[in-house]
Amino acid sequence: MQKQKNMKHGAAGLFFLFGLLFFVLICRFLYIQVTGTAGGEVLASKIDKKYEREQVIEAKRGSILDTKGEVIAEDTSSYILRAVLSEKETEHVKDPEMTAAKLAKYIDMDEQDIYERLTKKGAYQVEFGKAGKDLTQVVKQKIEKLELPGITFGRTNKRFYPNGIFASHLIGYVEKDEETGEMAGKFGIEKYLNKELQETDGKLTYDSDKWGILLPDTKEKVVAPDNGNDVMLTIDKKIQTFLEDSLSKVQEKYDPEQIIAIVSNPKTGEIVAMGQRPTFHPTTKEGLTDTWRNLAIEESFEPGSTMKTFTLAAAVEEGVFNPNESFTAGTYKTGAGSIGDHSGIERGKSMTFLEGVQRSSNVAFATLAMDKIGADTFREYLTKFGFDNKTGIDLPNEITGKIQYKYKLEKVTTSFGQGSTVTPIQQIQAASSIANDGKMMQPYVIKSISDQDTGKVLKTTKPKVSGEPISAETAKQVRDYLETVISAKKGTGKKYAIEGYEVAGKTGTAQIAGPTGRYLEGKNNYVFSFLGMAPKDDPQLVIYVAVKKPNLGATYVGADPLSEIFNPVMQNSLQYLNIKPSDVKKQTANKIEDYTNQSESSSVKELEQLGYEVSTIGSGRKVLDQSPKAGSTLLQGEKIILRTEGDMKVPDMKGWSLRDVMKLAKVAKLDLQTSGTGYVSKQNIKVGKKVKEGDSFNVELSQPEGAADNLSSNENKGSD
C-alpha cells in the first residue's frame, strides 16, 4: 500500500512538472507569436537574412585616354584558375597527373608543382598562386576546351596598361589599398584623379530557398554599379612613342643616371609627351622603388646655360641687347672673385654679344644681366618668367626651385644658370612665352573628364595665360638669335639642326654639386640639356631634354645623347603634325661684307638679292658707313642701314623694331631716346626732314593693333 501511495505521489509530481513546462512553452509561443521577437531579435529579419542572397555586380574603373581617345589605361576582365579536389563534389579533379600535364602548357608553373597542388590532402579547393591569376579570356577559353573535371575559374577586373612603360611615371598605377581593401591609384594620374576614376560596385539581392534558388513571387533588388569617369589627357600617343623609343636607345647606349624629357604645345600649354629614365612597368611594378618621383615636376637642379634663354629675352625686352656690340670674353669680376668662360672661349677675346650667345659665353650673359639690364630689374624678370612659383600643372607633388639672389656672385651665376635651381616644367612654361609671341602658357596634362556610360563631358581644361613677360617683337627677335645658336659656325647647338626645319634653342651644361658642396669634376659629371623649339618663325612644339651623368667615353660629347633624343622626336613629331618643311633657302649666319666706299645702288641691289631689307640715309652715291658692321653675323631678313654722302633725311620708321632704329641712330650718330616696347608707332622728326649728327631723335614704341584684343580672346577661350 505504501509503495502504491508513493507511486501516486511521484506521478502527480511528474504531471505537475510537465504541466509547468508545457505552460512555459505555451507562454513562450504566444509571446513570440504576438511580438515577433526572440532573444531580442526580430525573427522575420532573421529569416530574411537566412534566405536572402546577395551578388556583387562589378563596376569598372574609369579609363585613361590619350588626346585622340587611344587607351592608355583601362579595366579588363581577368580570371583566376581554381581546382576542386573534394570527392564530395560531382565535379572534382579525378586524374591529377593528366590534369597537371595539360595545365602546364597554359600557365607559368612546372608540371610537378601543379601535381603537388592537385594532390594536396584535406583540401577542398586550391589555386595556383601568381601563375593562375590574371589569366586572359583567350587562355581561359583554351583551358575550358580541355574539359578537365574539377577545373573552374573566378572572374575579376584587372587594370590593364596596353603600352607597358609608356609614360608610366605620369600615368601611375593601381593596387589594392591595405586599409580599405579597395583598388586605388598610388601614383601619377591614377592617384591624382582617384576620386574621379574610382568605381563603386553594385549588388543584386533576392530571396531564395536553402539551396540558393530564387523563390517564386519574390522580386530582385538591384543597386546599379557606378562606373568611374574616363580621363582624357593632352598626351599624344604617337609623339609619346617617338619619345619613349629615343629615351630607350639613349639609355642603352650611354647608361646615364637620369634622363628627363618634355614635349609641349606652346600655343596652349598642353604637354603632348613626357618621359624619363629610369622608369617602371605599371603592371609588373618592375623598376619601381620607394623613392620614385616624376622628375619633370619633382626634381629641381641648376639648369646651366638653358637659363641664358631668359636672360637674353630680358635684355632684348629692355632694349639693351645690341647683337653687334663688343665685349671682352674670358673673365667677369664679381667683387668676391670672378667667373670665367668655358674652355672653348679664349680669354681676352673681343667678340660681339650675338657671338657670345652663339658660343654661350658666361661673361656675355653676366654683363647683360648685371651691367645692361641691372640686377634688380633682372630679378623682376625671373619672377615674370615664373621661376619663383610652381607652374600649377595638374599633377601631384610639384615642387619649385630656389633662386639664390642675395650676394653679387649669386646674382651673376643665376644669369647663366648656376647657383639657383629650377624644375624642367618651369623651363617649359617660361619657354612658351618665347615660342608663343610673349604669352606664357600654364602647362597642363588633363584635357577632359567624362562620364564613362553616357560619354557626357563633365569637365574641360581651357588654355590659361599665366603671364606675358615679354612682347611679341621681343619673342620674335629672341627666336632669331637662338636660331643662330644652331646655324652659326661656332654655335654650340650645331648638332640640333634638323633638315627642312629651322630650330631655335639653347644648349646647357650644368655642374653638379657633390656631397662636400663642391662641384664634381670629370667629363661625365654634368647635367647636359637642350631647350629647343621649331619651326623657328611659328613654333608648334617646345622640347626640353636633360641627361645627367651619361657615360660618354672618349669619343662622345654631351650633345650626342641629347641630339639623339631631340632631333628624331622633333622631326618625327612635326611631320606627324603635318608641319611642312620650309622651302626657303636659309640666309642665317652669313657674314656681311664691307660696303663702305662702294656705290649705294650696287650695294643695295646685292644685299636685296641676298634676301636682306636695306634702308639708306643720305642723298649721295657713295656709302660712308653701314650697320651692321662688316664681318657681323646677319639674321635672315635682317634690315641693313647704309649711310651715304650728302644730306641725311629721316625715313618713315613706322613699324620698325627697336633694333633697327638703333642701327640707324648709330650710323647717323643721332641722340636716340625711346619709350614703350614693340614697334615704332610715332617719331618726333617728320619723314623727309634733314638731320645732322648729334640731333635728338625720339621714337615711341607700342604693340601692334589688336595684340591686346588677341590676348583677351585667348584668355576667354580659356654653361657650356
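## Close-up views of helices, sheets and loops

**View 1. Helix H17 and the residue that follows.** Just after H17, asparagine 578 takes a positive phi of about 60°. The model is predicted, and local features therefore need a pLDDT of at least 70, side-chain atom pairs count only at pLDDT 80 or more, and totals for chains, interfaces and linings use all residues. Residues are numbered from 1 along each chain as its sequence is written, while side-chain values use heavy atoms, with hydrogens and water left out. Helices (H or I, at least four residues) and strands (E, at least two) are DSSP runs, numbered from the N terminus. The 18 residues of H17 (residues 559-576) should span 26 Å at 1.5 Å a residue, and this agrees with the 25 Å between its end C-alpha atoms; the expected span is 1.5 Å times one less than the number of residues. The buried residues of H17 include Pro561, Leu562, Ile565, Phe566, Val569 and Met570, where buried means under 20% relative accessible area, exposed over 50%, and partly exposed in between (1.4 Å probe, protein chains only). Among the elements that cover these buried residues are helix H9 (237-254), strand S13 (258-265), strand S24 (526-534) and strand S25 (541-548).

**View 2. Helix H9 and its cover.** H9 has 18 residues and reaches 25 Å from its first C-alpha to its last, close to the 26 Å expected at 1.5 Å a residue. Its buried residues include Ile239, Phe242, Leu243, Leu247, Val250 and Tyr254, and what covers the buried residues of H9 includes S13, S14 and H17. An α-helix has 3.6 residues a turn, so residues three or four places apart point the same way.

**View 3. An open sheet of 5 strands**. The strands follow the order S14-S13-S25-S24-S23 with antiparallel pairing, where two strands pair if DSSP finds at least two bridges between them. Strand S14 (270-277) and strand S23 (504-511) stand at the edges with a single partner strand each, so one side of each is left without a neighbour in the sheet. Neighbouring strands of this sheet are turned by 10° against each other on average, direction ignored; axes are lines fitted to C-alpha atoms, for helices over the stretch in contact, and angles run from 0 to 180 degrees between N-to-C directions. S23 and S24 run antiparallel and are joined by 8 bridges, and alanine 504 stands opposite methionine 533 in S24. Helix H16 (residues 472-487) lies across S23 and S24 and runs at about 65° to S23.

**View 4. A mixed open sheet of 3 strands**. The order is S27-S30-S28, and the edge strands, each pairing on one side only, are S27 (613-617) and S28 (623-627). The twist averages 25° from one strand to the next. S27 runs parallel to S30 (residues 639-644), with 5 bridges joining them, and isoleucine 617 has arginine 643 in S30 as its bridge partner. S28 runs antiparallel to S30, with 4 bridges joining them, and serine 627 stands opposite isoleucine 641 in S30. S28 is mostly covered, since 4 of its 5 residues are buried. The peptide bond from serine 627 to proline 628 is cis, with omega near 5°, and proline 628 is found in the loop between S28 and strand S29 (633-634).

**View 5. Helix H3 crossing helix H4**. The axes of H3 (residues 96-103) and H4 (residues 111-118) come within 8 Å and cross at roughly 140°, which makes H3 oblique to H4. Angles under 35 degrees count as roughly parallel, over 145 as roughly antiparallel, 65 to 115 as roughly perpendicular and the rest as oblique. The contact (heavy atoms within 4.5 Å) involves residues including Pro96, Ala100 and Leu103 of H3 and Ile114, Tyr115 and Leu118 of H4.

View 6. At 69% relative accessibility, glutamate 147 counts as exposed. At 0% relative accessibility, alanine 167 counts as buried.

Methods. Left-handed = near helix turned anticlockwise from the far one by under 90°.
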